[in-house]
Amino acid sequence: MDIKNIAIENGVKKIFKMIVVSGDYAGEYIIESPDGWNQADSIVNVDDELFFVKDFIIGNNEKLTFWQYSQPIAFNLLKNVNEEQRGDGHVVFKWIAVKEGVEYDLLQDNFEVNFNKYSLKPGKSMFKIDIELIKSEARNKLFNREDTTVDLFGTKDLDENVITPVETFPIGYKKGNKTLTNLYYYDISQPQSTVFPSNFHFLSFARSEEYEFGDNINDYAGMRIGATHPYELGPFVSTNITLKKIEIEIVDLHVKFRRQSAGAPAVTLFAIVTGNNYRQIYGLKAATPVLGSPDYSEIKIDYQKFPLLNPENLQPGQSLSLVFNSDEFFMYESVKTNTSIIITTNMESPLVRTSGIRLIEGFRQLIKSYTASSLNVVSNFLGVGGTFFNTSISTGIFLRGLPLIYTTQKIKTSMKSMLTDGAAKLLTLGYDILGNNVVIEDLKYFFKDIRSYDLSNKQYLNDYNIENDKDVTFNNLVFGSKKYSTKIKDDIRNFITMAEFSTPIVSVKNKFDKQTELIIDEYKIQELIEDKSTSTNDNDDDLVLIDMVEQTNYWDSGVFENCFHSIDGGYLLLTCVATPFDTTMIQVGVEVQITEGINAGTWTVLSIDGAKMKLSKSTGIVEGASDTPLRYNISSLIKNRSLNDGFTDPEYIRNPETATNARHNPKYHMARWFPFFGSGLTKKKATDIIKVTNYKNEERASMKVVSPDLAYELPGTIVVGANEPLSRLRGNTPPLFNGQTVEIKFSQVTFEEFISLYENWRYGIAGIVLIAGGI
């Protein structure tokens with residue numbers, strides 16, 4: 001928006017001032033009008049990405065000239081300050097308009113003299129000083145330092161002033177269930193075939209020394225050929241606690257079966273779960289008949305997963321075995337001798353205790369470090385009671401479970417990483433600088449359908465022009481994160497990834513890419529939390545964002561792996577290195593329940609010391625190592641939001657109890673930005689769709705928001721990889737614009753009217769910035 005210099009209006013008096021902030025010449029000076037000032041146009045420019053007002057009145061910078069004899073006050077003042085302070089001179093430039101006795105401070109304290117562009121040189125008849133105006137020091141530091149990395153826990157800002165570190169708050173993080181694995185490999189000492197007929201057979205498998213679950217102690221599982229018949233070696237798994245979601249993976253199995261007489265036997269591979277008065281049989285794979293000389297049948301598996309279903313868990317006291325079985329006697333030959341069997345279970349992890357940094361506090365610390373504490377941050381959207389108040393940020397190194405000897409409390413980031421490439425794209429954020437505040441709000445704050453001034457009685461010139469708005473018209477959309485897990489077991493089920501969409505626009509090739517650089521998917525976050533290696537991780541410096549929720553009277557449960565039970569001073573002592581008790585939310589004096597396995601019961605916590613926790617049980621203590629499930633109450637906490645915290649109807653989601661950042665999936669992300677890109681679709685039919693052309697990984701995941709604090713997200717059931725009709729998106733949040741731009745020039749707009757229009761437009765009616773402000 002360009003405005004011809006309003007100071008040309010009759011009856012407007014101009015006053016120019018320079019304020020020297022420090023030094024021998026400190027003070028306020030009324031100076032002469034700079035040479036060429038009346039030729040400068042007034043300008044209002046808005047940033048395309050973050051919506052802040054970049055320039056008002058005199059643009060980003062304006063070169064001014066002061067002549068030795070024509071403007072002696074300004075000339076001598078600038079010369080003296082430069083000789084004293086050189087490039088560190090701090091002089092505020094003021095332009096004040098006066099009409100009918102009312103003063104208008106047009107530039108506020110927003111512009112200063114840039115002494116690094118100071119130039120003294122002769123003219124035709126006298127010396128002249130050329131200088132440049134730049135935005136005030138605080139604003140200039142913010143803009144120029146956007147990509148400068150600072151430590152949020154630092155105690156000095158970039159100008160070496162002492163500052164307080166960022167404010168943190170305690171949080172609990174519920175990791176996704178940990179996948180534990182037991183590996184069994186073909187026993188090469190066994191005969192490769194048998195001549196003894198039986199209606200049940202199986203192979204011998206040796207258990208890897210790195211097995212991770214089960215209480216069975218047999219090193220070999222399956223069956224082995226005896227002198228006259230096969231005999232059992234023991235189960236693949238037995239347990240004294242519940243093992244959830246058992247899966248059997250078989251790799252490189254090829255076994256042929258023959259009758260003692262001619263013909264191919266009907267053999268099936270079964271998994272059998274047995275326990276006290278319990279027996280459940282699962283048919284995994286049937287043999288395929290093969291015609292030959294003689295005929296035979298075979299089971300051939302290159303790689304296949306067999307999840308146990310109905311039920312999917314092993315209960316305490318149960319064991320799992322595998323067998324080839326037929327109604328008739330048969331013999332077998334194992335063609336391959338490199339077969340492996342992998343059995344997995346999902347082990348529930350307890351909440352781990354860590355520190356969080358609210359997003360708004362992270363921004364405050366950045367601005368404080370950049371601007372020598374000259375600017376503050378205000379936000380309804382991110383502040384107390386705001387839509388994303390309980391949003392925590394961290395980095396990979398801060399989340400990693402490393403001892404303090406290897407790391408210190410630090411989170412290094414920049415405004416570009418946290419806002420421009422991060423939260424702004426994910427949460428539709430923008431910002432503006434109003435007075436001494438950086439206002440950070442969402443898209444809807446900056447673009448409102450509010451009349452800021454009525455110019456209907458003014459005359460407009462004849463170059464009235466309406467065009468289609470190319471800046472909001474897109475045919476291709478990209479949402480989600482650029483950094484999601486690709487190497488974690490089972491992350492093919494991840495739905496917090498990225499997605500590409502196409503719009504009904506066919507005449508324009510224009511991409512709207514709002515992929516964030518933040519790490520937001522639960523698999524990647526869990527990978528970082530569980531990384532206890534002392535080597536550098538590729539994501540150590542990447543920013544992580546976590547959606548949090550406040551809870552009261554919360555019951556947590558989890559399995560403490562390989563927990564050693566012993567007696568200490570007559571009481572039960574638990575020692576767990578995998579998840580030390582001082583990293584959990586368990587506190588001394590509360591009751592904990594050992595729900596299954598040895599020493600089950602409800603006991604009071606007497607003490608916690610690192611990996612050790614002493615409980616009040618003093619009789620009948622059973623010693624030994626065992627995976628130990630605990631359950632305990634937490635009176636109040638802030639934790640990562642799961643699908644159980646405000647969503648219903650989850651489908652195709654690995655574990656709704658631990659699924660983190662579900663609200664940040666690409667479908668919800670797309671819907672947040674619809675008011676902007678939907679403005680280019682105003683002439684499209686309600687039945688037209690936003691089509692999903694590429695959704696990484698689990699596109700079938702679905703959910704429905706029901707909690708009031710999730711009202712910002714698209715309501716109703718969503719399937720993340722499904723197309724969305726425009727009618728649904730418009731019904732949720734209508735477009736901000738009508739898809740056209742209007743260029744119009746008015747005449748006879750007075751100075752006061754322009755100032756009122758600008759102030760109402762930028763600061764809100766009556767200056768109520770955070771309620772009515774915006775573009």
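This is a predicted model: local features need pLDDT of at least 70, side-chain atom pairs count only at pLDDT 80 or more; totals for chains, interfaces and linings use all residues.
In which helix do R364 and E361 both lie, and how many residues apart are they? Both belong to helix α3, where three residues, about one turn of the helix, separate them. The side chains of R364 and E361 meet in a salt bridge, with a distance of 2.9 Å from N to O.

A372 is placed in the loop between α3 (359–371) and β27 (376–378). Its phi is near 55 degrees, which is a positive value in a residue other than glycine. A372 is partly exposed, with a relative accessible area of 26%.

A search of the whole structure finds 35 salt bridges. In one of them, the side chains of D187 and R224 meet at 2.7 Å, N to O. D187 is in the loop between β13 (178–186) and β14 (198–201), while R224 is in strand β16 (residues 220–225), so that this pair links distant parts of the chain, 37 residues apart. With 7% relative accessibility, D187 counts as buried.

A further salt bridge joins the side chains of R259 and E328, at 2.5 Å from N to O. R259 lies in the loop between β19 (244–258) and β20, and E328 lies in strand β24, so the pair ties together parts that are 69 residues apart in sequence. Both residues are partly exposed: the relative accessible area is 25% for R259 and 26% for E328. Elsewhere, D547, R641, R663, R672, D709 and E713 are linked in a network of salt bridges.

N277 lies in the loop between β20 (268–275) and β21 (278–286). This residue has a positive phi of about 55 degrees although it is not a glycine. N277 is exposed, with a relative accessible area of 88%. In the loop between β23 (296–307) and β24 (319–334) one finds P311. The peptide bond that joins N310 and P311 is cis, with omega at about 0 degrees.

The discussion now turns to the pairing of strands. Strand β2 (residues 12–20) pairs with strand β7 (residues 91–99) in the antiparallel sense, over nine bridges. Within this pairing, K14 has A97 in β7 as its bridge partner. Strand β2 is also joined to strand β3 (residues 27–31), by five bridges, and these two strands run antiparallel. Here I19 has E28 in β3 as its bridge partner. The hairpin of β2 and β3 has six residues between the strands, and in this hairpin G23 takes a positive phi near 100 degrees.

What, then, lies in the interior? In soluble globular proteins, nonpolar side chains tend to be buried together. The largest nonpolar core of this model has 81 residues, and those with the most contacts inside it are F363, L429, F677 and M703. A second, separate core contains 44 residues, including Y186, F202, Y282 and L322.

Nonpolar side chains are also found on the surface. Y460, Y464, I466, V742, F746 and V749 form a nonpolar patch there, with about 540 Å² of accessible area together. One member, F746, lies in strand β49 (residues 746–747). F746 counts as partly exposed, at 32% relative accessibility.

T693 is placed in strand β44 (residues 689–695) and is partly exposed, with a relative accessible area of 46%. Leaving aside neighbours within four places in sequence, T693 is in contact with E500, F501 and S502. T693 and C563, by contrast, are 130 residues apart in sequence and 48 Å apart in space, C-alpha to C-alpha.

How values were computed
Residues are numbered from 1 along each chain as its sequence is written. Side-chain values use heavy atoms; hydrogens and water are left out. Patches are made of residues with over 30% relative accessible area and no salt bridge: like charges are joined within 9 Å, nonpolar side chains (Val, Leu, Ile, Met, Phe, Trp, Tyr) within 5 Å. Accessible areas come from the Shrake-Rupley method with a 1.4 Å probe; for residues, only the protein chains shown count as cover. A salt bridge is a side-chain nitrogen of Lys or Arg within 4 Å of a carboxyl oxygen of Asp or Glu. Helices (H or I, at least four residues) and strands (E, at least two) are DSSP runs, numbered from the N terminus. Buried means under 20% relative accessible area, exposed over 50%, partly exposed in between (1.4 Å probe, protein chains only). A nonpolar core is a set of buried Ala, Val, Leu, Ile, Met, Phe, Trp, Tyr and Cys residues joined through side-chain atoms within 4.5 Å. Two strands pair if DSSP finds at least two bridges between them. Contact means heavy atoms within 4.5 Å.
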